[in-house]
Amino acid sequence: MPSVCVFGAQWGDEGKGKIIDRMARDAEVVVRYQGGANAGHTVVVGGEKYVLHLVPSGILHPGKINAIGAGVALDPLALLGEIEGLEQRGVVIGASNLRVAANAHVIFEHHKRIDQAGERWRGVGRIGTTGRGIGPCYADKASRTGLRVADLLDPVRCRERLRAALAEKNALLTQVHGEQALDLEQSLERYSTLGKRLQSYVGDVGAELRGLWRAGRKILFEGAQGAMLDLDHGTYPFVTSSNTGANGISSGAGVPPRAIERVLGIAKAYCTRVGEGPFPSEELGPIGEKIRSQGNEYGATTGRPRRCGWLDLVALRYALDLNGADGWIMTNLDVLSGFDTVKVGVAYRAGNSRWTEFSSEMPSLEQVQVEWQEFPGWREPIDHLRRFEDLPQAARDYVEWVERASEVPIVMLSIGPDRDQVIPRAGHGLFASQPGPVVAPGRALV
Ligand code: GDP
């Protein structure tokens, strides 16, 4: 049965939105299964830019079912704002094309306040969160003190659980952070109203998805953020608060693990990272500046400048391996036009040790030095090209070398923000119904 997962194989912002939007054309169902409104997929359709935070990218294609699973931390204010914004631009949204899991956890105002106050409290040791309450919402979920979407629709239960939650959160806000307490009645009024506005979309999304999967419908699971930000397998503690890859789908969407048949990673031809945390291949000087300005590397949600550097093959191989990727898509290759030399980080070194494979037993990534492989660059713009053979020789050599070293086939190149700015690679389908090549077993060292 045809289903495919698309995940970020770096530190997020890999250009997943555009690829997912492209693939949504062939999908019947598009599912968000983790993360919150901190993710921002940017999709450019006919020169018009859409930034999607919570609504799955299938919404821009008529006739698709778009589902938000239980694993998403749902800010009702953000979701309703996004729905309204899309409707104003002519996108038709209703209960038949947008489904929201009744068991998704809700982000309240107190989560946002605690998120921001917590970052201030931590000072230099801050995590670099977007302050949208996502981490604190997931923390309450794990503590069994959170409220779910269904709770917003049950006035008695909502009052009971919100009263208990606010008693504790207000103590934290006032006594630890010196902030004002939040009023229970105001919060109740506000969130019950938001719940009512969401009601028509709410249902048992897990059951609906399992039914669609059994019926053989084409499902696209869209990951947010990236593998290196995975809560368990990323660069903890500088990670996001969910499982970002194929590993998060089963729990986050409510489908069996075998519902995931094809897994595609997305990675830029270089690397970026937002917020704090180790970034071994970062370029702090003019090279990083040049990548940032050529790639317009500023956050879709926050506008924050992204940290930029060369492709980190150690991290990429790990991300592809962790998620069992059977193909990947290299995005933003166009951004590398105009460099004399293009570099790839092929190993990490610390003291006498050398790593070509990412390992949770490595020392802190802040302490490692990167070993580079250099390639001749290319001068000419490539964003108008549509065939691999037409790329400059140096660009082709770069792509083919990286593909070999990654040990996973590159199934498509993206060479600009627009839907159509792609170069498909011969013989590689994107959906499970178009089988991709078998991945070579073994993991030879570069
Ligand atoms: P996502 O979170 O992974 O969807 O990534 P973002 O949408 O935050 O960031 C990707 C940015 O790069 C957006 O502004 C896209 O329009 C843009 N983009 C996507 N693919 C390409 C590409 O191949 N080349 C260039 N230059 N920009 C791209």
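Visitor: Into which domains is the protein chain divided?
Guide: The protein chain, shown here as a predicted model, is divided into three stretches of assignment, one of which, domain 1, is made of two segments, 4-103 and 204-262.

Visitor: How much area do domain 1 and domain 2 bury between them?
Guide: The centres of domain 1 and domain 2, taken over C-alpha atoms, are separated by 23 Å, and their contact takes 25 residues from domain 1 and 22 residues from domain 2. In domain 1, the residues that lose the most area to domain 2 are Pro 76, Leu 77 and Leu 80. Of the area buried between the two domains, 63% is on carbon and sulfur atoms, and the total is about 1,900 Å².

Visitor: Which helix or strand gives the most to the shell around the ligand?
Guide: The ligand is surrounded by 18 residues, with Lys 16 and Gly 17 among the closest. At least two residues of this shell come from each of α1 (16-24) and β3 (41-45). The element that gives the most, with three residues, is α1.

Visitor: How far from an oxygen atom of the ligand does a backbone N or O atom of Gly 17 lie?
Guide: A polar side-chain atom of Asp 13 lies 3.5 Å from an oxygen atom of the ligand, while for a backbone N or O atom of Glu 14 the value is 3.0 Å. For a backbone N or O atom of Gly 17, the distance to an oxygen atom of the ligand is 2.7 Å.

Technical notes: Residues are numbered from 1 along each chain as its sequence is written. This is a predicted model: local features need pLDDT of at least 70, side-chain atom pairs count only at pLDDT 80 or more; totals for chains, interfaces and linings use all residues. Side-chain values use heavy atoms; hydrogens and water are left out. A residue is near a molecule or strand if one of its heavy atoms lies within 4 Å of it. A polar contact is a pair of N or O atoms within 3.5 Å; within protein, one must be able to donate a hydrogen and the other to accept it, and residues adjacent in sequence count only if both atoms are side-chain atoms. Helices (H or I, at least four residues) and strands (E, at least two) are DSSP runs, numbered from the N terminus. Domain bounds come from an automatic or database domain assignment. Contact means heavy atoms within 4.5 Å. Buried area is the accessible area (1.4 Å probe) that two parts lose on being put together, summed over both.
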